[in-house]
Amino acid sequence: MIRERLPAPLDVLTAVGRSRTLRPMHRPIGRILPWVVGKVNRKHVASMAGLAGRRAIAISLGAPATQLTGTTLKENLQDGYTMFRTIEKAVVTWKLDADFIISDVTVEAEACGCEIEMPEDSQPYVISSPIRQAADLRSKKVPDPYRHGRMPVFLECVRHLSRRFTLPTGAGCIGPYALASQLMGTEEAAIATIEDPGFLDEILEYCLEVSLAYLKAFEKEGAEVIVIADAIASVLSPKAFRRFSGRYIKRIVEQLNRPVALHICGDASHLIEEMCDTGAYSISLDSPVDMDDALKRAPADVIVAGNLDPVEVFLEMDGDGVAAKTREQLFQMRNYPNYLPCPGCELPPLTPLDNIKAYVETVRSFR
Amino acid sequence: MDNTESIKKDLERAIIDGKMHETPGITQEALDLGLAPRELMDEVLTPAMEVVGEKFEEREYYVPEVLVSARAMQACLDIIRPMLFEENEQAEATIAVGTVKGDIHEIGKGMVCMVLEGAGFNVIDLGVDVAPEKFVEVVQQNVDIIAMSSLMTTTRDYMGDTILALSEANLRQKVKVMVGGAAVTPGFAQEIGADAYGVDCNEALRIVKEMIC
């Protein structure tokens, strides 16, 4: 279905319908992915992206889209239908090529018993880390995604999205190492990589189970792409990353029948090879990383997404500035078919809407 | 003489290698041999942390390695710090460090604390999720510099609020303000009226040294 006859210039992405349709065959990319992935490898997905004729606009814009619906971030993160309406508005307004849920890095931690704080218009954060010793872990059960914390909120949103749109629906979770950092404290987790790797492994096994249960539920609700954000893993050395993050992510990739994108915040320049080795279909890099260097190092079958600065570019520049920066990067990366333009990290909720419009239009029109 | 030299070497090695369980013992041994706390601070702790800082810059060390070294240094410092004060010594400067309100990112802030402490400054670690009022409160005591961290664009405005609160309390002239963290840019630092912006812990140390000159 990807090979549909299309007028030149080839724009497979725009040919993908955006409205609700009852016939699965009208969902070329979204519907195909789950069963295509089982039969082909990431090479095909990468070349699919390369052949699309233009770069996809597959970014998460839910947080800034709250401005469009006049809702607060908190309202969205507490109610699946509200979140769905916000993302729907974003997809329709900016004609996106994929629909992603709003990322919230505290969902799993909360379901596992961490206390969290939820400001009205800012990302929630974890304020207590319940696991101090092995005994704390033994009493922990893997949360049921349909019952515990706000996991059901996100599942509901994905359910609505996959019914509403023919685009690939993206859901996400936090990476095992990042979750372990929340459960035991970031400094403690970092120190445990050296002082107590055995205990850390036990926690990571638990985190892996939590992630897998949550992601399998997403799969069931119709998510076609999975984004794993092992946010804090960039603090690790390549060796420690392989041991405490990559190894677990690899197991998630192997057990899911979906393309997985792996995002790491901050400077992950030293982890490019390790990230690709997890088997992720796509790696997503933050603004401190040199994209040209990353694309040179990554195999051609891995889509490398990144990395315009969410703050310096998206928040602080005006529309013209954003368009210029976007164009500059698109031009620099023009020879890499596996490059996917993206902000380096989650966009701030108050990103000026004009800037998003400028970005989206620039990407869509660039040939 | 040889003994004291070799024990200094041992302590330096233990800090660089992050042997946090060994440093208290070695420190005690060194003190028993008659080494002065000030001597340990200037000739062992500070150079050791400099080596750690260099290794971090050269990417031989990553955050976990630095944190373990910092804990090792901390264990030593816990023993000698009261003695330094007994000798009635004054630190060159007192710096209060914290991550702003609504933000719980502690790694970067912790690294700044440890680098400054290793360089012999008196550091007050205010922790994370620190409200502007809290910063004002510590400035009322004897603080020369405050350092704020923010990793979220939704929390970085509290840096400006803190500076404003300092002005309102007529304390702005009394302290220097430095800021950092992934959500902060040099332009933003200037906009809110901070005195300096640092990209990482090593730069924070350079800035502090410049500020107290």
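Which residues is A:Ile283 in contact with, leaving aside its neighbours within four places in sequence? Contact here means that the C-beta atoms of two residues, placed from the backbone, lie within 7 Å. On that basis A:Ile283 is in contact with A:Leu262, A:Met275, A:Cys276, A:Ala298, A:Val302, A:Val304 and A:Ala305.

This is a predicted model, in which local features need pLDDT of at least 70 and side-chain atom pairs count only at pLDDT 80 or more, while totals for chains, interfaces and linings use all residues. Residues are numbered from 1 along each chain as its sequence is written, and chains are lettered from A and ligands numbered from 1 in the order in which they are written.

**Chain A**

The confidence of the predictor in each residue is given as pLDDT, on a scale from 0 to 100. Chain A has a mean pLDDT of 86, and 86% of its residues reach 70 or more. Over residues 1-31 of chain A, however, the pLDDT is below 50, and this stretch has 44 contacts in the model beyond near neighbours in sequence.

Chain A has 18 helices and 9 strands, where helices (H or I, at least four residues) and strands (E, at least two) are DSSP runs numbered from the N terminus. Of the contacts in chain A with a separation of 6 or more, 71% are between residues 24 or more positions apart. A residue is called buried if 20 or more other C-beta atoms lie within 10 Å of its own, exposed if 12 or fewer do, and partly exposed in between, with C-beta atoms placed from the backbone. Of the 367 residues in chain A, 55% are buried.

Just after H4(A) comes A:Gly70, which takes a positive phi of about 65°. Elsewhere in the chain, a cis peptide bond with an omega of about -20° joins A:Gly306 and A:Asn307, and A:Asn307 has its place in strand S8 (residues 303-308).

**Where the chains meet**

The contact between the chains takes 26 residues from chain A and 22 residues from chain B. On the side of chain A that touches chain B, strand S3 (125-126), helix H11 (186-195) and helix H16 (310-315) each supply at least two residues, and H11(A) gives the most, with 7 residues.

**The two domains of chain B**

According to an automatic or database domain assignment, chain B has domain 1 (2-86) and domain 2 (94-212). The centres of these two domains of chain B, taken over C-alpha atoms, are separated by 26 Å. Their contact takes 11 residues from domain 1 and 9 residues from domain 2. On the domain 1 side, H3 and H4 of chain B each supply at least two residues, and H3(B) gives the most, with 6 residues.

The table sets out the make-up of two of these contact sides, with Ala, Val, Leu, Ile, Met, Phe, Trp, Tyr, Cys and Pro counted as nonpolar, Asp, Glu, Lys and Arg as charged, and the others, Gly among them, as polar.

| Domain 1 of chain B, touching domain 2 of chain B | 8 residues | 2 residues | 1 residue |

**The nonpolar core**

A nonpolar core is a set of buried Ala, Val, Leu, Ile, Met, Phe, Trp, Tyr and Cys residues joined through C-beta atoms within 7 Å. The largest one has 191 residues, and those that touch the most other members are A:Ala180, A:Ile226, A:Ile283, A:Val304, B:Leu45, B:Leu116 and B:Ile146. H4(B) gives the most to this core, with 11 residues. Because domain 1 (2-86) and domain 2 (94-212) of chain B both give residues to this core, it lies between them.

**Single residues of chain B**

B:Thr27 has its place in helix H2 (residues 23-32) of chain B and counts as buried, with 25 C-beta neighbours inside 10 Å. Not counting residues up to four places away in sequence, B:Thr27 touches B:Leu11, B:Cys76, B:Ile79 and B:Ile80.

B:Arg59 has a positive phi of about 60° although it is not a glycine, and B:Arg59 is found in the loop between helix H3 (37-57) and helix H4 (63-86). B:Arg59 is exposed, with 12 other C-beta atoms within 10 Å.
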